Amino acid sequence: MSDKTTQDTKQQNSVDENKLIVERREKLKALRENGNAFPNDFRRNVVAGELHAEYGNKTKEELEATPIRVKVAGRMMAQRIMGKSSFVSLQDMSGSIQLYVQRDELPEGFYNQQFKKWDLGDIIAAEGTMYKTNKGELSVKVEDIRLLTKSLRPLPDKFKGLTDQEIRYRQRYLDLIMNEDSRKTFQLRSKIVSHIREFLIKKDFLEVETPMMQVIPGGATAKPFTTYHNALDMDLYLRIAPELYLKRLVVGGFEKVFEINRNFRNEGLSARHNPEFTMIEFYEAYADYNDLMDLTESMLRSIAENVIGNTKIKYQDDEYDFAKPFARMTVKESILHFNPDVTEAELDDIEKAKAIATRLDIPLKNSYGLGKIQIEIFEKTVEHRLMNPTFITAYPTEVSPLARRNDDNPFVTDRFEFFVGGREIANGFSELNDAEDQAERFQAQVQEKEAGDDEAMFFDEDYVVALEHGMPPTAGEGIGIDRLVMLFTDSPSIRDVLLFPHMRL
RNA sequence: GGGCCGUUAGCUCAGUCGGUAGAGCAGUUGGCUUUUAACCAAUUGGUCGAGCGUUCAAGUCGCUCACGGCCCA
């Protein structure tokens, strides 16, 4: 590389270096010359949230009568300098605490030559005593204060914050620094996942991890991502679901298992879809889909009560009641309910059902059977109207290749999907444990794949062999964690509940 | 994939009929010992997303593209 090119590269790299950054780099340079500019010898003994909880109610006099020494650290979000004294807002993981800094409490010259030159965004540490200002704000009256990490780039507007959606997603750390709502959302997400985990572990479920890279991507109908293993010289797929592995574990005698982890589907991005997303799947032997509907209902109600603290869940302009028993109806009942002009006899007749679909502008393929046509009608006319928590049951066997047939009506399976706010949140069913039936269903999927449906399933012979060893009667379910978190955090887009959503480029 | 909207200083945003680029915050300098978006005074800062076109003249009009947002498939 020639000197000229090196020069050009440097120019390129510093394109976004503005005067603000140059000034901060100068300050850092001065810090380096005065010793270690990045010390890591300070240990705090308390965080802001604890201080407010402990001392928020104490009066100014009480705090002064028995001095309480504390050591705090965090990011300087505001600095109000009034001559010889200043107020600083210090933000840490738990919240904010104000620092009251007086020139004459600090070493000679430190206040004017160091402290006043610090910038918003710098990471600082302070030691002092708990104090209340005349206006009643709990503060730390500072006796010692240090700069721990120089911030070289300016923060977004201190009042308006960061509103640019693109930067909020691409530079999530800025969003987290600036937006309390965003911090809350991700803290809640963590609590929801923990609560689900504890809920199942209390019921003796075993948490497991199964392959993300699979030879045959199974357990759902979706387009997979492909990858390649060099040493083995073989193509692999990123999983679209963990289902078939978890059921192998049930065959192995792990009768209650669950996994919370990422799935990957090679589809477009939208407010509801990210190519990688988090699902929980759980399987319970000697249970059926009715048991899982009961379990789902109590689990979600428990999240509302214990994590959110309210069974009335506000989502955008609506409110859903998680205290009332969740509605349950079959696919056909729901279609008839929302399409009063349609009769059951018409839905059961493939030609008449086709006519209804055509009237609804639903594109049909020749390969579609009656069950698939019914589901198309359901998705077009029912799904988005299922606002309050609702279980829809009796999905056609044709669209449920891994679910157990209903004993009375083998046209449908013992399956449900769960909806809130017009969105599918969960999918569960009594598992198909008849190995020969499973082999036939896979065969039907292979035919659909050959007919051009690239979302159809592969034939998983290894899984059929596992079933041939005998899987106990079992029920299993998957819940989309991202959509669940969207619901409970009132987030309009899946990107708002993913720390680092996929973006172009 | 289609439709609509957006992209201007580090951040948040104005910018009229096409006529020399504006504010607040942040920054810099000075003042100020109880502030809360502190305040007062002065001041620095621009590839107007990229490109092409129309025009004497384009942030502004037209076309193409990139990225984002919302809606639809």
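1. Helix 9 (residues 243-251) and helix 16 (residues 461-468) pack at about 25 degrees, their axes 9 Å apart. Axes here are lines fitted to C-alpha atoms, for helices over the stretch in contact, and angles run from 0 to 180 degrees between N-to-C directions. Helix 9 is therefore roughly parallel to helix 16 (under 35 degrees is roughly parallel, over 145 roughly antiparallel, 65 to 115 roughly perpendicular, and the rest oblique). The crossing of helix 9 and helix 16 is left-handed, i.e. the near helix is turned anticlockwise from the far one by less than a right angle, with clockwise giving right-handed. Helix 9 brings L244, K247, R248 and V251 to the contact, and helix 16 brings D462, Y463 and A466; contact means heavy atoms within 4.5 Å. Helices (H or I, at least four residues) and strands (E, at least two) are DSSP runs, numbered from the N terminus.

2. A word on the source: this is a predicted model, where local features need pLDDT of at least 70, side-chain atom pairs count only at pLDDT 80 or more, and totals for chains, interfaces and linings use all residues. Residues are numbered from 1 along each chain as its sequence is written, chains are lettered from A and ligands numbered from 1 in the order in which they are written, and side-chain values use heavy atoms, with hydrogens and water left out.

3. Back to helix 9, whose R248 turns up in the contact with helix 16. R248 also lies over the face of Y245, 4.6 Å from the ring centre. The other case to look at is R415, whose charged end sits over the ring of Y395 at 4.5 Å from its centre. The criterion is NZ of Lys or CZ of Arg within 6 Å of the ring centre and within 35 degrees of the ring normal.

4. On aromatics, the whole structure gives 17 pairs. Y111 and F115 are stacked, because their ring centres are 5.3 Å apart and their planes at 25 degrees. F322 and F326 are edge-to-face, at 5.7 Å centre to centre and 90 degrees between the planes. Rings of Phe, Tyr and Trp (its six-membered ring) pair if their centres lie within 6.5 Å; planes under 30 degrees apart are stacked, over 60 edge-to-face, the rest tilted. F322 and F326 belong to one aromatic cluster with F391, F416, F418 and F488.

5. How do those pairs sit? Y111 is buried at 1% relative accessibility and F115 at 0%; F322 and F326 are both buried too. Buried is under 20% relative accessible area, exposed over 50%, partly exposed in between (1.4 Å probe, protein chains only).

6. Two non-glycine residues have positive phi. D233 is near 50 degrees, in the loop between strand 8 (226-229) and strand 9 (234-238), and is exposed at 57%. A394 is near 60 degrees, in the loop between strand 15 (390-393) and strand 16 (415-420), and is partly exposed at 22%.

7. What does R44 touch beyond its neighbours within four places in sequence? Its contacts there are K71, V72, A73, D92 and M93. R44 lies in the loop between helix 2 (19-33) and helix 3 (48-55) and is partly exposed at 37%. Its C-alpha is 7.8 Å from that of V70, 26 residues away along the chain.

8. Lastly, Q445 of helix 15 (residues 435-450) is buried at 5%. Setting aside residues up to four places away in sequence, Q445 touches T221, P401, A456 and M457.
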